[in-house]
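Hello,

Here is the structure I promised to pass on to you. Please have a look at it first, and then read on for what turned up in it.

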Amino acid sequence: MIALDLIADSIPPVHTSDTIQKVLDRMIEFRLRHLPIVNEEQFLGLLAEDDLIAESDYQTPIGALALSLVNPYVLEDQHIYDVIRLFYEQQLSVVPVLDAKKNYLGLISINAITEYFAQITSVSQPGGIIVLEINNKNNSLAHMAQIVESDNAQVLSSYVQSFPDSTRMEVTLKINKQDISAITASFLRYEYDIKATFNHTDISDATRDRYDSLMNYLNL
């Protein structure tokens, strides 16, 4: 996925003729702390909420202020990871997107990034989670997927986390089955170190058992 795919068309940019009050109202409406200033198609910079709240006259046009604008942006064909890096490094709530001629195309909001992560990590789909701790020399996702698929299951998403000054890594697997006991047993059989597992089967089963016990008691 590239930056162009995540542009939020519903959030308009700021113009130099807009008043401070109008800009703050727009930030409140869209729950953002930043908005891009655009002159026709020219991107002038990113306006922060902190630049405005100290002003005394909220009817002052933005163009009349002496602003020290930051100038972060991505080009339309940059990978989404570049967008995420910019959000993280500069603590932004929006990232402007420009074309090859540096014309403003739109912005990506932090909400769009959250939705993107929800999609690629399959958080809305039921299933179990297995966290493995492995040596970085034995990081074979193909072998892990083969173990999962041997139990007629599939890996919905995976995430690898490395640690500084260590040869160990964590691999998190989201699997499309809630009962992952057979899969965890297979990983143990192949001498994988299982750091944690998460699923809703045990919780829901225990709740159901307590409910059935209560109903049997009331029917006595």
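How many salt bridges does the structure hold? There are 6 of them, a salt bridge being a side-chain nitrogen of Lys or Arg within 4 Å of a carboxyl oxygen of Asp or Glu.

A word on the basis before the details. This is a predicted model, in which local features need pLDDT of at least 70 and side-chain atom pairs count only at pLDDT 80 or more, while totals for chains, interfaces and linings use all residues. Residues are numbered from 1 along each chain as its sequence is written, and side-chain values use heavy atoms, with hydrogens and water left out.

Salt bridges

One of the salt bridges joins Asp18 to Lys22, with 3.3 Å between the closest N and O atoms.

Helices (H or I, at least four residues) and strands (E, at least two) are DSSP runs, numbered from the N terminus. Together, Asp82, Arg85 and Glu89 form a network of salt bridges. Arg85 is partly exposed at 38%, and Asp82 is partly exposed at 25%.

Which residues of helix α1 (residues 20-30) are buried? They are Ile20, Val23, Leu24, Arg26, Met27 and Phe30. Seen down the axis of α1, these residues fall within an arc of 160°, so they line one face of the helix; the arc is that of the directions from the helix axis to the C-beta atoms. The face turned away from that buried side carries the exposed residues Ile28 and Glu29. Just after α1, Arg31 has a positive phi of about 55°.

What covers the buried residues of α1 includes β1 (34-39) and β2 (42-48), judged by contact, which is heavy atoms within 4.5 Å. These strands run antiparallel, joined by 6 bridges; two strands pair if DSSP finds at least two bridges between them. Leu35, for instance, has Leu47 in β2 as its bridge partner. The hairpin has 2 residues between the strands, and Glu40 takes a positive phi near 55° there. As for β1, 5 of its 6 residues are buried, so this strand is largely enclosed by the rest of the structure.

What the record says

The unreviewed UniProt entry carries the annotation "domain: CBS" for residues 7-62 and 67-123. In the model, the end C-alpha atoms of residues 7-62 lie 24 Å apart, and that span is 20% helix and 23% strand. For residues 67-123 the end C-alpha atoms lie 41 Å apart, with 39% helix and 23% strand.

Enjoy exploring it!

Best wishes

Definitions and conventions: Buried < 20%, exposed > 50% of the residue type's maximum accessible area, 1.4 Å probe, protein only. UniProt positions renumbered as here; feature names shortened; annotations may be inferred.
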